[in-house]
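Please consult the sequence and the structure shown below alongside the text.

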Amino acid sequence: MGEINRDDMLELTRRMTLKRNCFDRIAGAYFDDEGFVDGTFNRHFQKLSVRERQANLNIAKAIPFSDTNVQLKEYIFGEEDRKPGSLWQLLMALKECGLKNDAMLDVFYEEFGQRYKAAGCYGVYLFHGSYDVPLKAGDGESLWESEEVYQFLVCAVCPVSGDYEPGEPESGFLFPSFKDRSSDICRINIFAQEGKRGQEESLKKILLSRP
């Protein structure tokens, strides 16, 4: 386990607003209380209504904006965790395709539903984003030049009620980690609300499991 730099997370959240939105696609699935998929969705983020965009930005932003190294913790994918057939490989593929491959998403949902422990019905919300990381001068000021394009996934797991109305995220992750203002594909940041130890352990078993 490593340390997360709070400034890195705050830099990301500043791109999670209506005016400075870093997301291009949102996908997800709703699960019943037995872990079976009850419905899925996959939409271009900019085609959502303003109200929907704001609501979903609030969900996504909750993951990196959480209490670093307390609610949001960094974990390392070892060499064994990154072998063919691993969840790491699937996450890499989902990141590269920008969540546009429904077949791969279905594999993720199936694995998730089988192993995630929840108290009731819940939704899994996946966001694909990209951030043009600006170079910084010696005095810390941002320059116009881009250092790299950081492509990433945010996942938020929310309890749902009624007509799939989401509550606040109870767990989730950011992949790959945004470490030292750069992408680190060997690390993942896992989020869990305080008091949700069971959900945190479920996510760790899903994401860090070995084939």
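How many aromatic pairs does the count come to? The count comes to 19 aromatic pairs, where rings of Phe, Tyr and Trp (its six-membered ring) pair if their centres lie within 6.5 Å, and planes under 30 degrees apart are called stacked, over 60 edge-to-face and the rest tilted. The model is predicted, with local features requiring pLDDT of at least 70 and side-chain atom pairs pLDDT 80 or more, while totals for chains, interfaces and linings use all residues. Residues are numbered from 1 along each chain as its sequence is written, and side-chain values use heavy atoms, leaving out hydrogens and water.

**Aromatic pairs and cluster**

- Phe31 and Tyr122 are a stacked pair, because their ring centres are 4.8 Å apart and their planes lie at 10°.
- Phe31 belongs to strand β1 and Tyr122 to strand β4 (residues 122-136), so this pair ties together parts that are 91 residues apart in sequence; helices (H or I, at least four residues) and strands (E, at least two) are DSSP runs, numbered from the N terminus.
- Phe31 counts as buried at 1% relative accessibility, and Tyr122 counts as buried at 3%; buried means under 20% relative accessible area, exposed over 50% and partly exposed in between, with a 1.4 Å probe and protein chains only.
- Phe108 and Phe112 form a tilted aromatic pair, with 5.7 Å from centre to centre and 45° between the planes.
- Phe108 and Phe112 are four residues apart in helix α4 (residues 102-115), so about one helical turn separates them; both residues are buried.
- One aromatic cluster is formed by Phe23, Phe45, Phe127, Tyr131, Tyr150, Phe152 and Phe178.

**Charged side chains**

- The charged end of Arg6 sits over the ring of Phe65, 5.3 Å from the ring centre; this term requires NZ of Lys or CZ of Arg within 6 Å of the ring centre and within 35 degrees of the ring normal.
- Glu74 lies in strand β3 (residues 72-76) and counts as buried at 2% relative accessibility.
- The side chain of Glu74 makes a polar contact of 3.2 Å with the side chain of Lys179; a polar contact is a pair of N or O atoms within 3.5 Å, one able to donate a hydrogen and the other to accept it within protein, and residues adjacent in sequence count only if both atoms are side-chain atoms.

**Cavity**

- The structure holds one cavity of 30 Å³ or more; on a 1 Å grid over the protein atoms alone, a cavity is a set of points where a 1.4 Å probe fits but cannot get out, a pocket is an open set with protein on both sides within 12 Å along at least five of seven lines, and lining residues have an atom within 4 Å of a point.
- The largest cavity has a volume of about 40 Å³, a volume being the space filled by probe spheres set on the grid points.
- Glu74 and Lys179 are among the residues that line the largest cavity, as are Glu3, Asp8 and Phe178.
- Helix α1 (6-13) and strand β8 (177-179) each supply at least two residues of this cavity lining.

- The largest pocket has a volume of about 500 Å³.
- Of the 19 residues lining the largest pocket, Glu52, Ala55, Asn56, Tyr125 and Pro166 are the closest to its centre.
- The largest share of this pocket lining, six residues, comes from α2.
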